Amino acid sequence: LSERTAGFTDSVIRRMTRVSMQYDAVNLSQGFPDFEPPKELLDRLAQVAYEDYHQYSITWGSQNFREALAAKQTYFMGRRIDPNTEIVTTCGSTEAMMAAMMTVTNPGDKVIIFSPFYENYGADTILSGAEPIYVPLVPPDFHFDANVLEDAFRQHPKAIILCNPSNPCGKVFTREELETIAALAEKYDTYVITDEVYEHIVFAPNKHTYFATLPGMWERTLSCSSLSKTYSVTGWRLGYIIAPPEIIDRAKKVHDFLTVGAAAPLQEAVVTGLKFGQDYYDDLQAKYTHKKDLFLKGLDDLKIAHTDPQGAYYVLLDIAEFGYESDLAFCEDLAHYVGVGAVPGSSFFREPVNNLIRLHFAKKDETLLDALNRLEGLR
Ligand code: GLN
């Protein structure tokens, strides 16, 4: 078997979903909603079954999907996105990130990754033969040291991966921080691969800035995102890369050979969501703000120390007081004896960290309250 994949373990996030099922725990590990997608999408999906969308769509995404996505992103990014030359539709942002890596890197190239990071990035570098350079985001506010970042840039990386809003730490990069990254990307001529799947889950007064919209950054940015979180359809596996035509031209080919294309009926059904007005996004934000407040208040009542996310739907809990040497063992016991599924923090950090676990709050209020009730078992 291949040497490059010999070091792979199972995804810890997906494994913790299986552990949760085994113990019938409330699964707050792998981040996906237990509430329904918008009804309009479901109604449209039912119709689409009887329309002519059962064969391959155009490999880089159906015309309807790309046009609707281009209109939506033009509105939010404040920059005209061309549906024909600046978008490639992928099977989730998971494929978008992998295709983006393979589009810009050669084996042996270095890629900067902020730590903590979403675990796929490590695997993406291995699969594409690139070498990660990790730069810490320093708790409690997860800031980065610009000098440490420039040291990483001095190694002439081909790309930097920027997850904003960030999974798992909930950081929303300020415009100033993004400008620091932009200046370095320009100075060292580095591509920027963003993962912006939580672009619409940002808590006031924080604001999401699309990296590609910073002055001079459009040319070097591959903006990856997904429909999963915005429309609560993680199982539909729909994502995309937005970038300038020269980059997209190559990314289309990489994507074509990786997967041929995303599911045609699902691309068509989600167009309904892509055409929603501003109200939908305001409601989504309000809904997640409510869930965050509900869940964090519950954790406060239990006197469990935790992060205060600015965006995305994750919270890191400090479990040091429970005296476990291994966060994985803690999570196994938490699922087994308390009945709550969590992800060990160590799977997100490059640095040795064993006192954090990640929970997510993309769940019905009743599910969150059930989890909080169960967490009382820790007291
Ligand atoms: N992004 C989500 C998480 O971090 C789910 C990722 C996945 O399993 N594809 O939990």
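Into which domains is the protein divided? There are two: domain 1 (12-30 + 279-378) and domain 2 (53-274), with bounds that come from an automatic or database domain assignment. Keep in mind that this is a predicted model, in which local features need pLDDT of at least 70, side-chain atom pairs count only at pLDDT 80 or more, and totals for chains, interfaces and linings use all residues. Residue numbers start from 1 along each chain as its sequence is written.

On confidence, the protein averages a pLDDT of 97, and 100% of the residues score at least 70; pLDDT is the predictor's confidence in each residue, from 0 to 100. The model's other scores are ipTM 0.93 and pTM 0.97.

Now the overall build. The protein has twelve helices and twelve strands, where helices (H or I, at least four residues) and strands (E, at least two) are DSSP runs, numbered from the N terminus. Its radius of gyration is 20 Å, close to the 21 Å that the globule rule gives for 379 residues, so the protein is as compact as a globular protein of that length. That radius is taken over C-alpha atoms, and the rule is 2.2 Å times the number of residues to the power 0.38. The C-alpha trace spans about 55 × 55 × 50 Å along its principal axes.

Back to the two domains. Their C-alpha centres lie 25 Å apart. Across the boundary, 23 residues of domain 1 are in contact with 21 residues of domain 2, contact meaning that the C-beta atoms, placed from the backbone, lie within 7 Å. On the domain 1 side, helix H1, helix H10 and strand S9 each supply at least two residues, and H10 gives the largest share, six residues.

Finally, UniProt (unreviewed entry) places "domain: Aminotransferase class I/classII large" at residues 24-374; positions follow the numbering used here, feature names are shortened, and annotations may be inferred rather than shown by experiment. The end C-alpha atoms of residues 24-374 lie 12 Å apart, and the span is 40% helix and 15% strand.

Technical notes
Two residues are in contact if their C-beta atoms, placed from the backbone, lie within 7 Å.
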